[in-house]
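Trainee: Please take me through this structure, beginning with the overall picture.

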Amino acid sequence: MTLRTKTSLLLASLLIVILGIAGIYSLHFLENSLRNSIYAGLESVSAAESQAISKFLEDTLRDAQAIASYLPQKALEEKKVAVIEEHLKKAVKNYPKFENGMFLLDAKGTLWADYPVYPETRGKNFAHREYFKTTMEKQKGIIGIPYRSTRTGEAVLTFTALLRGSNNQVLGLLGCSVQLLHPNALGGIRKTKIGESGYIYVFDTSRLMILHPEDQRVLQRDVPPGANKLLDAAIEGFEGVGETVNSRGVGMLLSLKRVPETNWIIGAQQSKREAFAPIQGARNRIIWGTVAVVLIAVPIGMVAVRRLTEPLSRLRNIATQLGQNAETIGDDLQRKRDLQEGLKSIQSTDEIGDLTRAFKEMYEMLDQTLISLKGLARDWERTFDSVHDAIYLLDKDNRILRLNQSAARLMGVKVEEAVGQLCYKLMHGTDRPHELCPHVETLSNGKPKRVEIEEPFLKGFFEITTAPLLDKSGHTIGSVHVTRDITERKQAEAALLESAKKYRSLVDNANDAIFIVQDGFVKFQNPSALALSGFSEEEYAVTPFSNLVHPEDREMVLERYIKRMRGEEVPSPYSFRIFNRRGEELWVQLNAVLIEWEGRPAVLSFIRDITSQKRLEAQIQQAQKMEAVGTLAGGVAHDFNNLLQTVLGYTEILLMDNQIKATAQHDLQQIKRAAERGAELTQQLLTFSRKVQSKLRSIDLNKEVIQVEKLLKRTIPKMIEVELHLADDLRTVNADPVQVEQILMNLAVNSRDAMPEGGRLIIETENMILDETFCKNHLGAKPGRYVALTVSDTGHGMDGETLKHIYNPFFTTKGVGKGTGLGLAMVYGIVKSHEGYILCESEPNKGATFRLYFPVSEQGRVWEELIEDKGIIGGSETILIVDDEESIRNLGEQIFRSHGYTVLQAPDGESARKLYQEKNGEIDLVVLDLIMPGMGGEKCLEGLLQINPDVKVVIASGYSLDGSHKSFLEGGAKNFIGKPFNAKEMLQAVREVLDEEKTDTEPKNLLYEPRK
């Protein structure tokens, strides 16, 4: 063996040893570098995807809250589904990520509006859903736990936003549903590939698989405890990279990272086989290369050794340079180019070439990882500076370690100027921490702290929250200090408090009773409600509201209350009766509206006392009824008087005939008496309707009462005791003594009939003043001075229904033939004709009391006086009889002709005026009826006066000279005679007018009242 051979063998051996050592070293270095690079890459991917998921969740939650804030509060409170659907439709167009659907739940969890619309879900209750429970518990929007939709079968994630009304009351929540696997959501993340077989998945601490490339594993808990130890560690809080065996027994490289503000964990994994495949390939190539070198080492000698060591040496140098300056090379473009050129210059097709390419791939991956990490750092910085709240990192000495731009703006300094400064000097302008400083408390107990303070130095109110900042050993080394400006909120709270005071003042001083009814009880009431009912707040709390309602109205009120609570339409306002604490019956008017009180439905009620109004309405109805009945009674009496006039007139003519036999005269007298009784009946009707004359003069009611008492003691039974209580200084009144006597006698007779077993009849007089208040509550009464005449008894009394009809003509509670029912009707008519007022009070078994008010006389006066009887005197003048009743005209003609007069007839006012004008002064006197069809008596009188101002007219009517009839005398008529009249009265009245001097144009006060 030659030296050359030995040298070659030595060189070959040396080359083999050197190559082997270099290969082993390079392989070890490459494996470690590649492993670290793979770990860093996996961590970068998991961190980047964690931030991406966190940002998506935060942005989506804010989008849901933004949509909720744009929903109109009035439509939410009134549950206007169409309006809400239109808003949701627009929101889906603006936020396509929510195309899976948006829905509204009320405060009880019932779905009442959604888009897209699914009618089958409307009205269903979803209070069992986790997102509803958590949202209502936390009183804010949340990110729900993913679940599979029962409607679509898709994996969905629900974002919620709290809905509040105009009074800040919670109305429910808005749910915005996102298809979890949709590309607009998180579907793209699960498709991210790491190498050929690596992928990303997301699970939560309950082992629920949220994202996974395999659809069947989504929303499954198919990794039991112990199957993947690294996953178990992540659930316990581990974050980082490690090697593990998955649930299928495959070795994996796994990077685990928590998603901020959630219990989600993101896993980025790649199989160890694939990740370390380049290392295995490099190892194989080095081994085979070494074997090849051994086989050819002797022939090629040092050339092979040198060619092998040179590129490996350069690769080693590049790897060493990269290992020592990996962080700085990424920012130095020139060094980066030099490194790339160096790797490119190593040209080899053997194991060194493979190693060079693997190393190049490792370098490029590392470079991308560093760029990604730096980008994430920059994103974090931007996020930190974009937060609106001021954020500081403080050490134990209250010095600022770091702060964001909002904090710098708040304190009016630059970021670099604030770092290292004492926080209390910049925030409070003091030499020591604030007495309420939460940072000091957090340092002492290691717990978060929240306070609200007013800071004059920064001119506002602030909410300060601190959280402990821990070192690796868990010791508190400072705090994260977050300051939020709440000045506007505090100002709003102050304004709200002021508004509440105004509202309370308004409610407390309202005249109407205001109260809230819930579960049948009054939960709130204002002072007017307490005053109206007389009940205290404590009594309201234990007394059902229905107990206050009149039994006859209770069913109606309860029915409407139940309908309103159901949300049905109820008439409003409406009236009903209640009882106050004293048992008095009151009429009230209710306005009500359905509200929410302390989180549950209730009825807000406004009640107004309309008792006085109801009484006044009843009086108006009674007055209208009496007026209508009076008008009817007067009309009936007028027509009846015409009939009686014919009967009575012809009967008198027959009685004047001496040739009539005595037996016939007796029958005629019976007819005359019956006609006179009929006339008395019509007189009573006319008295009620106030169409008879009253002979008024100043009288003392005490004297009239005393006179009637004497008569009563002789006429009423002895077991009835008459008592008088008369005022000593009684004022005088203008009244007709005869009619006052009629009043007293009628009332006394009624009292007598009400006391068949005996009792007391009390008559009282007193001076009274009726004020405005009394007159407002008693229709028809006028303010002024009055004399009150009171007649009361201790009889059986009357019920309310009877009281409504006591003044109606022919209304009586007596048996057939025992009364006409005109007594109280006459009393009513007489009092009204005297411009007085009458009241009746009575209850069953408690007697009755009539109070009559007569106006006080200002001066004594007498309106009428009777003409004296001068006997029957005839004449030869011409008389025109004007009456629509032919029988009356014929009767008058027969009476006047039998006494020498010439008689003309006219059936109405028009023909009478025409006939008077044609006769041109031949007619000496006109007997004129008032009530006629066509042209009545009034128009006819005016026409006659136009023809002849001195015309002599005698008014003949069934009505008296009261009211408008008196104006006829004042307007030109010469006399008045009431129907039915007898022949003697008519002849005497006509003769008196005919005998007047022509120069005397004033009418004589010679009036005849109807026969009594």
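**Overview and main features**

Mentor: Of the 1012 residues of the protein chain, 46% count as buried, meaning under 20% relative accessible area with a 1.4 Å probe and protein chains only (exposed is over 50%, partly exposed in between). The model is predicted, so local features need pLDDT of at least 70 and side-chain atom pairs pLDDT 80 or more, whereas totals for chains, interfaces and linings use all residues. Residues are numbered from 1 along each chain as its sequence is written, and side-chain values use heavy atoms, leaving out hydrogens and water.

Trainee: How many helices and strands are there in the protein chain?

Mentor: The secondary structure comes to 31 helices and 34 strands.

Trainee: On to sheets. What is the order of the open sheet with antiparallel pairing?

Mentor: The order of its five strands is β13-β12-β16-β15-β14. Two strands pair if DSSP finds at least two bridges between them. The edges are β13 (400-403) and β14 (449-455); each has a single partner strand, so one side of each lacks a neighbour in the sheet. From one strand to the next, the twist averages 25°; angles run from 0 to 180 degrees between N-to-C directions, along axes fitted to C-alpha atoms, for helices over the stretch in contact.

Trainee: How many bridges hold β12 and β13 together?

Mentor: Three bridges join β12 (residues 390-395) to β13, in the antiparallel sense. In one of the pairings, L394 has I400 of β13 as its bridge partner.

Trainee: Which helix lies across β12, β14, β15 and β16?

Mentor: That is α15 (residues 438-445), running at about 150° to β16 (476-485).

Trainee: What about the sheet with mixed pairing, in what order do its strands come?

Mentor: This open sheet has five strands, ordered β23-β25-β26-β28-β27. At its edges are β23 (720-725) and β27 (837-842), each pairing on one side only. Neighbouring strands are turned by 15° against each other on average, direction ignored. Helix α22 (residues 701-715) packs on this sheet, touching β23, β25, β26 and β28 (848-855), with its direction at about 170° to that of β25.

Trainee: Are β23 and β25 parallel or antiparallel?

Mentor: β23 and β25 (residues 759-770) run parallel and are joined by six bridges. E721 stands opposite R760 in β25.

Trainee: And S792, is that residue buried or exposed?

Mentor: S792 counts as buried, because its relative accessibility is 9%. S792 is found in β26 (residues 784-793). Leaving aside residues up to four places away in sequence, S792 touches R760, L761, I762, E764, A848 and T849.

Trainee: A change of topic: what volume does the largest pocket have?

Mentor: Its volume is about 2,000 Å³. On a 1 Å grid over the protein atoms alone, a pocket is an open set of points with protein on both sides within 12 Å along at least five of seven lines; a cavity is a set where a 1.4 Å probe fits but cannot get out; lining residues have an atom within 4 Å of a point. A volume is the space filled by probe spheres set on the points, which are joined across faces, edges and corners.

Trainee: Which residues lie nearest the centre of that pocket?

Mentor: Of the 43 lining residues, S54, E58, R62, P260 and E261 lie nearest the centre. Helix α1 gives the largest share of the lining, eleven residues. The lining of this pocket divides into 15 nonpolar, twelve polar and 16 charged residues. Ala, Val, Leu, Ile, Met, Phe, Trp, Tyr, Cys and Pro count as nonpolar, Asp, Glu, Lys and Arg as charged, and the others, Gly among them, as polar.

Trainee: How many cavities of 30 Å³ or more are there?

Mentor: The count is seven, and the largest cavity has a volume of about 100 Å³. Of its 13 lining residues, I881, I888, V927, F981 and M986 are closest to the centre. Helix α27 gives the largest share of this lining, four residues. By class, the lining of the largest cavity has nine nonpolar residues, one polar and three charged.

Technical notes. Helices (H or I, at least four residues) and strands (E, at least two) are DSSP runs, numbered from the N terminus. Contact means heavy atoms within 4.5 Å.
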